[in-house]
Amino acid sequence: VPLFNSMIQRANDSSALITVIINGDILLFEDFYTTLNKVVSTFRDFLIVGARYDVDGLPNVQETDPDYTSQIRRHVLEHGTLHTYGGMDIWAWNTDGPRLFGPIMPHFVFGRGKYDNWLTHETIAAGHRQVVDVSETCLTVHIRHDYHLVSPDDSKRRRLLAQFWSEGKKTKFELFVNIYLSLQVGTYKNQLGSVLYAPWKLALCFEVGGMCLLQRRRPGICPCEFSSFSSATQTDPVIKDGSRVIQCGTKSVENPEDFIIPVVPEEKVEDRNFGLPLTLEDLLQKQADDSNTVILTALNFGYRAIMMNWICNMRHLGVSNFIIAALDEDLYKWAFVRGLPVYFETTIFGELDNSLVAHASYGTDAFKQ
């Protein structure tokens with residue numbers, strides 16, 4: 001599974017004027033070009049985001065049929081559900097402009113949630129670009145499908161998929177890590193960064209060109225904003241039983257204290273969620289080569305840049321049987337979320353206070369002593 005930050009970095013390194021990232025299971029139509037031209041002609045620096053329509057399937061029509069596009073569009077707009085919680089599968093921006101966002105993007109696992117909301121929110125918060133919601137003018141279609149983490153044979157697939165994204169937050173490792181990262185870097189929290197938070201919205205209208213640019217005075221204030229213009233959305237208003245309260249969807253709430261990467265193992269093995277934290281015993285089984293040999297290096301957070309240089313060279317040489325002994329919790333967490341074979345070492349220095357080692361970053365007075 002690719003890392004989303006790597007995809008963004010490669011996109012930013014492109015020499016093209018406009019960079020587009022789109023999920024491989026998304027259908028686009030010719031209105032993407034007209035939408036892009038409208039935004040390019042209006043703003044110097046921008047980020048385009050769009051929510052997808054989810055459908056169970058497409059009508060039986062051949063691509064060679066002259067009415068293919070119109071039939072698909074009609075079917076999707078009549079039977080599809082607009083993914084207003086997140087479901088952003090397309091981004092486009094000019095590559096000759098300022099940074100999209102301020103903080104360095106965490107190592108999000110692509111396809112496991114939060115990276116889309118985080119990217120959109122942080123770009124809006126940075127204020128370097130005009131963020132435009134094109135969900136209404138650019139039709140993006142997603143055919144519902146099974147996920148390899150959810151059994152495709154269960155007759156209650158739709159319910160399982162809902163549970164996968166909601167209840168799976170603490171039971172599916174990749175979801176857990178993405179949520180942890182989203183809460184640790186930047187200012188994202190609790191479902192911010194959906195298309196509804198974009199300060200600009202490109203809407204269909206009867207003006208020349210068929211599109212009008214609208215400025216949201218209070219972005220994100222109304223979750224059911226699209227309900228009047230779509231056959232169905234994820235945030236359609238509902239009236240609670242026995243109440244006069246109208247509710248437009250729900251908000252996903254994740255508290256940082258509920259998503260903590262453990263460092264010291266629990267006493268009971270069964271209490272180690274995801275088998276975490278990693279221990280030396282765990283890593284020896286996975287990292288030892290055919291001769292039952294490993295390369296062990298020990299360092300603290302202050303040496304992380306030197307460590308990454310060392311790891312890059314080891315990988316370049318084809319050496320992978322190494323283990324990192326983190327001498328402080330910060331390095332353990334930093335290396336862990338980057339997928340490195342690391343464990344928290346507390347025995348190398350015997351009775352020495354580990355906090356003294358942690359403070360001995362490269363070049364500091366403690367290091368020189």
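**Salt bridges in a predicted model**

Reader: Is Glu225 buried, exposed or partly exposed?

Author: This is a predicted model. In it, Glu225 is partly exposed, with a relative accessible area of 23%.

Reader: Which side chain does Glu225 meet in a salt bridge?

Author: Glu225 meets Lys201, at 3.3 Å from N to O. Lys201 lies in strand 9 (residues 200–204) and Glu225 in the loop between strand 10 (211–215) and strand 11 (237–239), so the pair ties together parts that are 24 residues apart in sequence.

Reader: Which residues are in the network with those two?

Author: Salt bridges with shared partners join Lys201 and Glu225 with Asp133, Glu136 and Arg216 in one network.

Reader: And Lys201, buried or exposed?

Author: Lys201 is buried, at a relative accessible area of 6%.

Reader: Changing topic. How many salt bridges are there?

Author: The count is 12.

Reader: What does Asp31 pair with?

Author: Asp31 forms a salt bridge with Arg73, and their closest N and O atoms are 2.5 Å apart. Asp31 sits in helix 2 (residues 31–42) and Arg73 in helix 3 (residues 68–79), so this pair links parts 42 residues apart in sequence.

Reader: How accessible are Asp31 and Arg73?

Author: Asp31 is buried, with a relative accessible area of 9%, while Arg73 is partly exposed at 23%.

Reader: What about Asp89, which residue is its partner?

Author: Arg52, with the closest N and O atoms 2.8 Å apart. Asp89 is in strand 6 (residues 88–94) and Arg52 in the loop between strand 3 (46–51) and strand 4 (53–55), so the bridge ties together parts 37 residues apart in sequence. Both Asp89 and Arg52 are buried.

Definitions and conventions:
Residues are numbered from 1 along each chain as its sequence is written. This is a predicted model: local features need pLDDT of at least 70, side-chain atom pairs count only at pLDDT 80 or more; totals for chains, interfaces and linings use all residues. Side-chain values use heavy atoms; hydrogens and water are left out. A salt bridge is a side-chain nitrogen of Lys or Arg within 4 Å of a carboxyl oxygen of Asp or Glu. Helices (H or I, at least four residues) and strands (E, at least two) are DSSP runs, numbered from the N terminus. Buried means under 20% relative accessible area, exposed over 50%, partly exposed in between (1.4 Å probe, protein chains only).
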